[in-house]
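Dear colleague,

I am handing over the structure below, and after it you will find notes on what turned up. Please read them with the model open beside you.

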Amino acid sequence: MADKNVGRPTKYKTEYAEQAYKLCLLGATDKELADFFSVTESTLNLWKKEYPEFSESLKRGKIEADSLVASKLFHRAIGYEHKAVKFATYEGKITDKVEYIEHYPPDTTAAIFWLKNRQRDKWRDKHELDIGNTGDKPFIVKLEGELDEWSK
């Protein structure tokens with residue numbers, strides 16, 4: 001059995017787990033984490049294996065960040081509303097304030113992006129159907145469902 005104490009001492013410190021968690025919440029990639037800790041990506045990967053608390057911090061931070069972005073994308077896709085306040089001013093002084101509901105309609109681009117990533121088979125742009133070769137001329141199925149002979 002190999003001795004873990006052989007070789008160069010590790011640069012890892014226990015506070016790195018919390019720092020990595022916070023950086024992952026901000027969207028940091030493994031390369032950016034390695035740069036932040038002034039180590040190589042292979043060292044970062046070694047830390048993930050040797051220090052479970054470090055690995056779990058990275059996973060937790062990335063999952064929370066991805067969940068937040070997914071939630072915001074979902075709300076853009078379906079539309080949402082929130083309370084807002086408008087202020088009226090006269091000569092630099094607030095004279096009135098009105099509370100209202102700000103409405104944001106569904107965003108088509110966000111909906112398409114969501115569906116293309118969540119239901120790839122149903123929503124991808126290109127559908128391919130391989131019906132095989134018949135002799136020297138293959139057949140291609142068009143989106144309209146017609147068979148078209150293709151040759152060069």
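Of the contacts in the protein (heavy atoms within 4.5 Å) with a separation of 6 or more, 38% are between residues 24 or more positions apart. This is a predicted model, in which local features need pLDDT of at least 70 and side-chain atom pairs count only at pLDDT 80 or more, while totals for chains, interfaces and linings use all residues. Residues are numbered from 1 along each chain as its sequence is written, and side-chain values use heavy atoms, with hydrogens and water left out.

The protein has six helices and five strands, which are DSSP runs numbered from the N terminus (helices are H or I with at least four residues, strands are E with at least two). Their order from the N terminus is α-α-α-α-β-β-α-α-β-β-β. Of the 152 residues, 17% are buried, where buried means under 20% relative accessible area, exposed means over 50%, and partly exposed lies in between (1.4 Å probe, protein chains only). The protein exposes about 12600 Å², and carbon and sulfur atoms supply 55% of that area, as computed by the Shrake-Rupley method with a 1.4 Å probe, for which only the protein chains shown count as cover for residues.

Helix α1 (residues 16–25) and helix α4 pack at an angle of about 20 degrees, with their axes 7 Å apart; axes are lines fitted to C-alpha atoms, for helices over the stretch in contact, and angles run from 0 to 180 degrees between N-to-C directions. That angle makes α1 roughly parallel to α4, since angles under 35 degrees count as roughly parallel, over 145 as roughly antiparallel, 65 to 115 as roughly perpendicular and the rest as oblique. Among the residues that make this contact are Y16, A17 and A20 of α1 and E53, F54 and S57 of α4.

Helix α4 (residues 52–78) also packs with helix α5 (residues 108–118), at an angle of about 125 degrees and with the axes 7 Å apart, so α4 is oblique to α5. The contact is made by A70, L73, F74, R76 and A77 of α4 together with A110, A111, F113 and W114 of α5.

Finally, H103 lies in strand β2 (residues 93–104) and is exposed, with a relative accessible area of 52%. Not counting residues up to four places away in sequence, H103 touches Y80 and E81.
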